[in-house]
Amino acid sequence: KRAYKPISYVDQMAIHFSLNGNMILKDSDEGRRQKIRLSTAVGTLIHLPFLLPEKASVETSAVTSEEAEVKDEESTGDTQAAGEEETEESGTAEVAEAAEAEEPPPPRVKEQKLANQFNFIERASGTLNNPMRERACQSEPIPCKNFSTTAYQWEIYDAYVEELQKIERSKEKEKSKAQIAKREEEKKKGRKLTSLESQSDDITKISKAAKIMERMVNQNTFDDIAQDFKYFEDASDEYRDQQGTLLPLWKFQYDKTKRLAVTAISWNPKYKDLFAVGYGSYDFMKQGQGMLLLYTMKNPSFPEYVFSSESGIMCLDFHYDHPYLVAVGFYDGNVAIYNLKKATSQPSYKSSAKSGKHTEPVWQVKWQKDDMDNNLNFFSVSSDGRIVSWTLVKNELVHTDVIKLSVEGTTMQGPEGLQLQTLGCGTSFDFHKKIDYLFLVGTEEGKIYKCSKCYSSQFLDVFEAHHMAVDSVSWNPYHLKVFISCSSDWTVKIWDHTIKTPMFIYDLNSAVGDVAWSPYSSTVFAAVTTDGKAHVFDLSINKYEALCTQLVVAKKKNKITHIQFNPVYPVVIIGDERGHVTSLKLSPNLRRMPKEKKGQEVKKGPEVEIAKLDKLLNLVREPESKA
């Protein structure tokens, strides 16, 4: 009892309603007897409740017809016989009634409650078990260093005493500074710190932790892209016959720069995942504010640093030895230096009309080695024809005009017999990697000037390079004689600076916005065109056409403006006119290294890269020498 009893067999049929029938044939003796009894007791026929009305009417009509027949028979028959039958019938009816009266009513049996058949039934249902999953993450081991020394008791004591003295001194200095600053603020403003300012102090305390958390969340969000960046190698390159592809990775965008174009891109020389992007406009009719953003590949959703400016930024450059300093050139002709260490939105140093700023947009800036007095200095080129050296002396930018781009044969006769010379419009320049004084300048007229810092009045050489403005000019990072140029006349040209004619010419069927040498090979370079395509060439594999031509920007109204190779990773970043920066990974065919031969070590280094490019140049020069 009080236990579940298993039932071997369960009847699955449930009967909701059952009724035992008590119907008797009307022609039988029992049927007639009951009919007479009912008629004598009640006088009228009672319809049973379970009969339908249609059936009841049929039965009553049948009964009346039978009674009529019986009456006819009685009238036609013998009256005596009828009398005997009546006496017999009446006698039998009386006997039956007496017997019924004598019979005691049956005792009422207690109704037994039926047990619910649906109780105590074993039922079971099977559910799907989810398969077990394992997730693992492998981290790179932290570099470790072993350090050992013998520390004596007095050395430990002296160190502790020195540390305590330093702490006390710093506390005293901070107190005195804080008191002075408070007094000055109270005198000037005469008010206490508001709740917002105190709140901002609290936020700065947790900003580093919040930044780390943000990077972790982004790494989880873009985990598939991070895996592609780190490990994915396109296996289909083996079947492509030397062709390559660009795999899109992260896309960097910021809400406030949607209507601005990417006018400059530069990688940080120390932190290989950090790059700066300058925003402005190439349309001189739609000039407005500019922005300088610094992104890291560790956090593609939001920039690390944000600086806004009144004029559009046209160019920028990181200092090699001081990677926190960024030189910037503006559309209004000013140049400035931003210090990333300082928590201010304004540049640390900026030129002005007094300090000799350019009168036209500054198209490129480049840091140079410190001067004789160890002052920081950089160069700028502008449409006003001046190439200016800016030196940081006593927290001020001092300018020196290095050279003025005068166009030959354009001297005009001014009033009172004055000779007026029109200046060329400089659009780009680049300094030689090894020869400090040597640099190239590209102009709007399509000419490239080879100049020296030592000569301010004349050029070393002039190249009739392009038919339209030279958008970019760049020395090869390995070969000392080779440089590359691109222009809006659809061409990219590779030059030897000792020869006036180009070594290679490539027509890309659209205006070329920018060109860049790769840092890992002397023969690989990439160019971007205004039709939204990126072209990657490797002269050592195919010196006639690009290994990869890929559409990066799909929209018709959008144009690509700049491209830059990452100095370490096989990644390029491309900027467009909508303010977006896209990072793409080069497939193995686009960064192919020489194959290892059995028993021989593969030679690597700048000498190998120089020899590789020299071999190509000799193939081009041979017909000329034979002629």
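Which side chain does Glu464 meet in a salt bridge? It is Lys447, at 3.8 Å, N to O. Keep in mind that this is a predicted model.

Let me place that pair. Glu464 sits in strand S19 and Lys447 in strand S18, 17 residues apart. Glu464 counts as exposed, because its relative accessibility is 59%.

Now the strands themselves. S18 covers residues 447-452, and its pairing with S19 is antiparallel, over four bridges. Within that pairing, Ile448 faces Phe463 of S19. Both strands belong to an open sheet of four, in the order S16-S17-S18-S19, with antiparallel pairing. Which strands stand at the edges? They are S16 (426-431) and S19 (461-464). Each has a single partner strand, so one side of each has no neighbour in the sheet. On average, neighbouring strands here are turned by 20 degrees against each other, direction ignored.

Back to salt bridges. The whole structure has twelve. I will pick out two others.

Take Lys211 and Glu304. Their side chains meet at 3.7 Å, N to O. This pair links distant parts of the chain, 93 residues apart. Lys211 is in helix H5, while Glu304 is in the loop between strand S4 (290-296) and strand S5 (305-309). Lys211 is partly exposed, at 34% relative accessible area. Glu304 is buried, at 16%. Arg215 joins in as well: Lys211, Arg215 and Glu304 are linked in a network of salt bridges.

Next, Arg386 and Asp401. The distance is 3.1 Å, N to O. Arg386 lies in strand S12 (residues 386-393) and Asp401 in strand S13 (residues 396-404), so the bridge ties together parts 15 residues apart in sequence. Arg386 is buried, at 12% relative accessibility. Asp401 is partly exposed, at 32%.

Helix H5 again, residues 195-221, which also holds Met216. Met216 is partly exposed, with 44% relative accessibility. Together with Ile212, Met213 and Val217, Met216 forms a nonpolar surface patch. The accessible area of the four together is about 380 Å².

Last stop, Cys548. Buried or exposed? Buried, because its relative accessibility is 3% and the cut-off is under 20%. Cys548 is in strand S27 (residues 548-551). What does Cys548 touch, beyond neighbours within four places in sequence? Its contacts are Gln243, Gly244, Thr245, Leu246, Ala534, His535, Val536 and Leu590. Take Val536: twelve residues from Cys548 in sequence, and 5.2 Å away in space, C-alpha to C-alpha.

Key: Residues are numbered from 1 along each chain as its sequence is written. This is a predicted model: local features need pLDDT of at least 70, side-chain atom pairs count only at pLDDT 80 or more; totals for chains, interfaces and linings use all residues. Side-chain values use heavy atoms; hydrogens and water are left out. Patches are made of residues with over 30% relative accessible area and no salt bridge: like charges are joined within 9 Å, nonpolar side chains (Val, Leu, Ile, Met, Phe, Trp, Tyr) within 5 Å. Accessible areas come from the Shrake-Rupley method with a 1.4 Å probe; for residues, only the protein chains shown count as cover. Helices (H or I, at least four residues) and strands (E, at least two) are DSSP runs, numbered from the N terminus. Buried means under 20% relative accessible area, exposed over 50%, partly exposed in between (1.4 Å probe, protein chains only). Contact means heavy atoms within 4.5 Å. Two strands pair if DSSP finds at least two bridges between them. Axes are lines fitted to C-alpha atoms, for helices over the stretch in contact, and angles run from 0 to 180 degrees between N-to-C directions.
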